[in-house]
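Subject: Handing over the two-chain model

Hi there,

Here is the structure I promised to pass on to you. Have a look at it first, and then read on for what turned up in it.

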Amino acid sequence: MSQTKKYLLIFILAAIALTPLGLIAEGPAWGEWSVEEIQAMIGYVPQSIEQTKPLIGALIPDYEISGVSALVSTWISAAIGAGLLFAVMAGIKKSVKRAS
Amino acid sequence: MHIPDGFISPLTYIPATVVAIPLLMMAFKKTKEAINDESFALLSSLTAFSFVVMMFNIPIPGGTSGHAIGAAILAILFGPWVAAFCLSLTLFIQALIFGDGGLSVFAINSLAMGFVASFSAFYVHKLLKNRVNNTIALFVTGWSSIVFASVVVAVALGIQPLLGVDAAGHPIYFPFGLAVTIPAVVGSHLLFFGVVEGFATMLVMRFLEKITHQSSHKEVLV
């Protein structure tokens with residue numbers, strides 16, 4: 001592995017290791033409220049927000065794995081997300097090579 | 001800025017999807033042209049970084065939070081199309097696996113944090129890079145990229161009360177209009193998350209220059 005690649009890998013692993021720092025923020029992003037939060041805020045829940053269900057249920061909703069601590073869930077989620085992106089990018093590179 | 005399912009009228013997300021599909025096809029084509037054995041490590045690492053950096057939620061006054069997105073770094077190094085593709089891929093994984101952002105409104109999130117952030121970063125950096133100090137150019141590029149993206153999200157959310165009310169007169173979709181969404185979403189990015197994105201862009205670019213021995217003053221890598 002080249003020196004640059006080694007540093008890039010360390011960079012990503014360090015970033016993943018630090019992701020639990022994101023747990024410090026308790027509030028959601030502005031607008032990304034749950035049905036309960038909207039109810040408390042304006043006294044009703046807009047029809048579409050209440051009734052719309054996601055097209056496909058998420059595998060790990062909100063980066064939280066049930067039965068696993070928030071800390072470990074965050075690490076696993078970060079590793080899965082980063083790993084999947086590496087895998088998809090590698091797949092694209094492979095398909096380009098095969099085509100040429 | 002990840003808009004969830006149900007918050008947006010089909011009158012908004014269908015046109016957004018129609019606009020986004022050809023753009024995503026073009027971005028995919030450009031990414032395939034850019035990806036090779038030399039570029040792969042950096043390109044895939046920065047794509048993974050965009051995912052990871054979005055997990056760093058930073059609390060701000062008012063009880064809400066937000067994060068950087070990492071689009072500017074990709075746009076400066078690989079051009080706006082490739083950056084938009086990488087960010088969109090990240091947003092797709094977030095929606096599909098983690099329920100962060102709705103799949104039905106994926107196009108709006110992709111247009112905002114993918115295309116608008118990447119294209120604004122690319123052109124702002126191009127405008128500034130030989131005119132002002134490099135560090136300042138990087139900071140302003142990162143800062144403005146997320147602010148431009150936030151304008152798209154604020155407008156998409158803020159027009160929803162105009163697009164449907166129920167029998168009781170309550171909005172069907174997102175309940176707050178532009179007078180609320182613009183200050184809340186754009187304001188918080190101007191003051192807080194833009195600054196975070198600016199510093200992230202600056203620091204990561206400095207780090208990459210060190211490890212690749214290339215200057216961000218040079219042309220786009222591909």
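In which helix of chain A does A:Ser77 lie? A:Ser77 belongs to helix H4 (residues 70-99) of chain A; helices here are DSSP runs of H or I with at least four residues, strands are runs of E with at least two, and both are numbered from the N terminus.

Before going further, a word on conventions. This is a predicted model, in which local features need pLDDT of at least 70 and side-chain atom pairs count only at pLDDT 80 or more, while totals for chains, interfaces and linings use all residues. Residues are numbered from 1 along each chain as its sequence is written, and chains are lettered from A and ligands numbered from 1 in the order in which they are written.

Back to A:Ser77. It is buried because 26 other C-beta atoms lie within 10 Å; a residue counts as buried at 20 or more such atoms, as exposed at 12 or fewer, and as partly exposed in between, with C-beta atoms placed from the backbone. Leaving out residues up to four places away in sequence, A:Ser77 touches A:Ile60, A:Tyr63 and B:Phe98, where contact means C-beta atoms, placed from the backbone, within 7 Å. A:Trp33 is 44 residues from A:Ser77 in sequence, and their C-alpha atoms are 21 Å apart.

Chain A as a whole has 4 helices and 0 strands. Its C-alpha trace spans about 60 × 35 × 25 Å along the principal axes. The radius of gyration of chain A is 19 Å, whereas a compact globule of 100 residues would have one near 13 Å; the radius is taken over C-alpha atoms, and the globule rule is 2.2 Å times the number of residues to the power 0.38. Of the 100 residues of chain A, 23% count as buried.

Next, the interface. Here 53 residues of chain B are in contact with 51 residues of chain A. On the chain B side, the largest share, 12 residues, comes from H2(B). That side divides into 32 nonpolar, 18 polar and 3 charged residues; Ala, Val, Leu, Ile, Met, Phe, Trp, Tyr, Cys and Pro count as nonpolar, Asp, Glu, Lys and Arg as charged, and the others, Gly among them, as polar.

Within chain B, do look at helix H3 (residues 71-78). All of it is covered: 8 of its 8 residues are buried. Those residues pack against H1, H2, H4, helix H5 (106-128), H6 and H7 of chain B. The axes of H3(B) and helix H4 (residues 80-98) of chain B come within 7 Å and cross at roughly 145°; axes are lines fitted to C-alpha atoms, for helices over the stretch in contact, and angles run from 0 to 180 degrees between N-to-C directions. B:Ala71, B:Leu74, B:Ala75 and B:Phe78 in H3(B) meet B:Pro80, B:Val82, B:Ala83, B:Cys86 and B:Leu87 in H4(B). The residues of this contact are 9 nonpolar, no polar and no charged. Just after H3(B), B:Gly79 has a positive phi of about 90°.

Finally, the largest nonpolar core has 98 residues; such a core is a set of buried Ala, Val, Leu, Ile, Met, Phe, Trp, Tyr and Cys residues joined through C-beta atoms within 7 Å. Among those with the most contacts inside it are B:Ala71, B:Leu74 and B:Ala149. Helix H6 (residues 134-158) of chain B gives the largest share, 14 residues.

Enjoy exploring!

Best wishes

Methods: Two residues are in contact if their C-beta atoms, placed from the backbone, lie within 7 Å.
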